[in-house]
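This report walks through the sheet, the aromatic pairs and the cores of one protein model. Please keep the structure open while reading.

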Amino acid sequence: MPSYKPILAVCAILMLGACGLSSNPARPAAPPLPATVAAQSPTAAIQFSAGPRPDTASLLADLGGTPCPNSDFTCVTLTLPRDHFDATNTATTEVVFGVLPATGERKGMFVTVVGGPGGAGLQSADDYTSAMAPSIPEHFDIVFFDQRGTGASGGINCQQAVIEYAFKDARAETPDQESALVEAARTFTDACVAQMGVAPADLATYSTAQAIEDMEAFRAAMQDDTFWLYGESYGTVFAQQYAAVHGDHLAGLLLDGTVDVTLTEPEFYAVQAQGFHDTLIATLESCNADNACSAQIGGDALAFYDDLYAELASAPQTFEFPLSTGTLETRSFTLRTFELASAYAMYSEIARMLLLRALVDAHQGNLVSLARIAYNFLGVDPDTLTGVQDPGWWDAMYYAVTCADDSYFTGTGDERAQTYLRAGDAHDSIPYTASIQYDNLACAFWPVHGPEVRPAPLTNPGVPTLVLSSNIDPATPYSGAQAVASRLDDGYLITEDGGPHVIYGWGVSCVDDLVTNFLVNGTPPSQRETTCDGAIIKPYFDIGPADAADFENALQAISYFDFDSYYTVDYYFWDLAEPLAMGCPYGGSLTITPTDAGESWEISNCTYTRGWIMTGTGTYD
């Protein structure tokens, strides 16, 4: 979904890196799809008088700039053609760009395209900028934007349809699994199109080709002949397409979590399914290499995962989920829910560690932690399982862009679906994650499709380009970065050994310093390929005993309660804005309220582990 997001286009958490779990707030991402570069020309361009470029503050004032909500950025709204490529279509759309003017000697404009498609860039702007070296906002105007169809640029959603599609495990409902998959995709598409409130005739105008013309109009409005463009995840599709059409306006290009846009849809999803599988195996092997994790999961994490997967493939398991009211509710844990939790957790080192802790919980007989990861991924309220709108993620846009960018074969919806399924037959043997390649089956029934021709490989002559990637990136696998970098006239591959999906801005100095030097000093890496040290998982923290009798004393029990609460997915990725209410694992509740001094905790009959019940209040400073 992540990011880009594997499995379904949903992103519940904003993070500094992509869609998936992360302790850095602000990066949306879902699995980006290869985009097609349209051989078209826009119908019109913004024209400005010749002469010296005014200072950025004056330009923003002339463009009607106003403070972005809860941000240091200034927002500018451009009214642009709904269809840049059809002069007869006089409809317009509004696209909002956020600019933070350089605080010192200005060297140009640095634009970020966030992941998705579906991520709203303005929601990430301040957090992303805070992760940059201070010299970057000193010398560059920092720019983020809400791509048309997201956030302030007319955000469109079909959240209820997405949630229902996500929880529906068609494979378990009928022996004819293929027919069930097709019918589920058809039903979802009809519901999503109805819920987003967009006329089917307008759906083609959400393509990446249209969005890059919005960016080109903004560049002209800012009166910069060239600028620096950074794309992450799906943003690398956008950036490569912009470079192919408007490369003469790029001073430099950065691709992070890179998609090889020359791949066909089946080729990309086969590579991605293998990528998620390989990252999952590496995560489980990391548990086996850690004495505490290995001991808590019975000695072999791979064996336990395989056993649990087989059990769920045979039949869903019932479990008691703790509500924030303090009561327990009987729920069903399906194979689909397990796959969602596992795939979501592959996006970063901390998320992989949290998955291992959740698997240890499951080994102790408690599926609650795994369920919480899946719920968080889908953006649903854990109590009600209804959607909670994330201002940084617009799920209908994932399909509006993905399905409009690519052909998804030819023929009727059923014919396209059958071709899609047959193309994936060769990859059904990938354990655990083969189903990922079927998540975009809905595009077979989408009202509009893109051209069939794949774009030519990007060479980007005259534009120095950094290609960044983790070598265990599941959503945009490393092979894509290697392929793209190998074709560039002036390309530099920066690899993190381990690490998250999207590697810039996570505090790894080896990576971040190369980017800063490239931007601020105009100096590319000294060699065409650079490898930086990373990790597969963050250090593992063991979970507390399942029974109170196994604690050495009360102090140890309280200490484990502290750690285990901290590493609950709901708390770890809490936005620190509104009070957080959670059910305790075996009943009772915990409510955490932000205060000027930190956090206030209210614990009510919290059965943290069997035989250990707590009630009281406390504070964190």
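## Sheet, rings and cores

M109 stands opposite D141 in β5. This is a predicted model: local features need pLDDT of at least 70, side-chain atom pairs count only at pLDDT 80 or more, and totals for chains, interfaces and linings use all residues. Residues are numbered from 1 along each chain as its sequence is written, and side-chain values use heavy atoms, with hydrogens and water left out.

**The sheet.** Ten strands make an open sheet with mixed pairing, and this sheet of 10 strands is ordered β1-β2-β3-β5-β4-β6-β7-β10-β11-β12. Its edge strands are β1 (66-67) and β12 (529-533), each pairing on one side only. Helices (H or I, at least four residues) and strands (E, at least two) are DSSP runs, numbered from the N terminus. Two strands pair if DSSP finds at least two bridges between them. Strands of a sheet pair through backbone hydrogen bonds, either parallel or antiparallel.

With strand β5 (residues 140-146), β4 pairs in the parallel sense over 4 bridges. With strand β6 (residues 227-232), β4 also pairs in the parallel sense over 4 bridges. Strand β6 in turn runs parallel to strand β7 (residues 250-256), joined by 6 bridges. Further along, strand β10 (residues 465-470) and strand β11 (residues 491-497) pair in the parallel sense over 6 bridges. The table lists residues that stand opposite each other.

| Residue | Opposite residue |
|---|---|
| F110 | W228 in β6 |
| T112 | Y230 in β6 |
| E232 | D256 in β7 |
| V467 | L493 in β11 |

Burial is set by relative accessible area: buried means under 20%, exposed over 50%, partly exposed in between (1.4 Å probe, protein chains only). Strand β4 is mostly covered, with 6 of its 6 residues buried. Strand β6 is mostly covered too: 6 of its 6 residues are buried. Which residues cover the two faces of β6? F227, L229 and G231 lie on one side, W228, Y230 and E232 on the other, and all are buried.

β6, helix α7 (residues 234-246) and β7 make a right-handed β-α-β unit. A crossover is right-handed if, with the strands pointing away from the viewer, the path from the first strand over the helix to the second runs clockwise.

**Aromatic pairs.** Rings of Phe, Tyr and Trp (its six-membered ring) pair if their centres lie within 6.5 Å; planes under 30 degrees apart count as stacked, over 60 as edge-to-face and the rest as tilted. By this rule the model has 44 aromatic pairs. F97 and F218 are stacked, 4.2 Å centre to centre with 5° between the planes. The pair links distant parts of the chain: F97 is in strand β3 (residues 92-100), F218 is in helix α6 (residues 208-221), and they are 121 residues apart. F97 counts as buried because its relative accessibility is 0%. F218 is buried, also with a relative accessible area of 0%.

Y408 and Y420 form another stacked pair, 6.2 Å centre to centre with 10° between the planes. Y408 lies in the loop between α14 (395-405) and α15 (413-424) and Y420 in helix α15, so the pair ties together parts 12 residues apart in sequence. Both Y408 and Y420 are buried.

A charge also meets a ring. The charged end of R528 sits over the ring of Y492, 5.1 Å from its centre. The rule asks for NZ of Lys or CZ of Arg within 6 Å of the ring centre and within 35 degrees of the ring normal.

**The cores.** A nonpolar core is a set of buried Ala, Val, Leu, Ile, Met, Phe, Trp, Tyr and Cys residues joined through side-chain atoms within 4.5 Å. In soluble globular proteins, nonpolar side chains tend to be buried together. The largest core here has 82 residues, of which F188, M215, F218, L229, L253, Y399 and W446 touch the most other members. Its largest share, 8 residues, comes from α14. Contact means heavy atoms within 4.5 Å. Not counting residues up to four places away in sequence, W446 touches T189, C192, V193, M196, L203, Y399, A400 and C403.

Apart from this core lies another, of 58 residues, including L280, L335, L340 and Y347. L335 belongs to helix α11 (residues 335-344). L335 is buried, with a relative accessible area of 10%. L335 and T325 are 10 residues apart in sequence and 27 Å apart in space, C-alpha to C-alpha. S342 lies in helix α11 and is buried at 4% relative accessible area. Leaving aside neighbours within four places in sequence, S342 is in contact with Y305 and L355.
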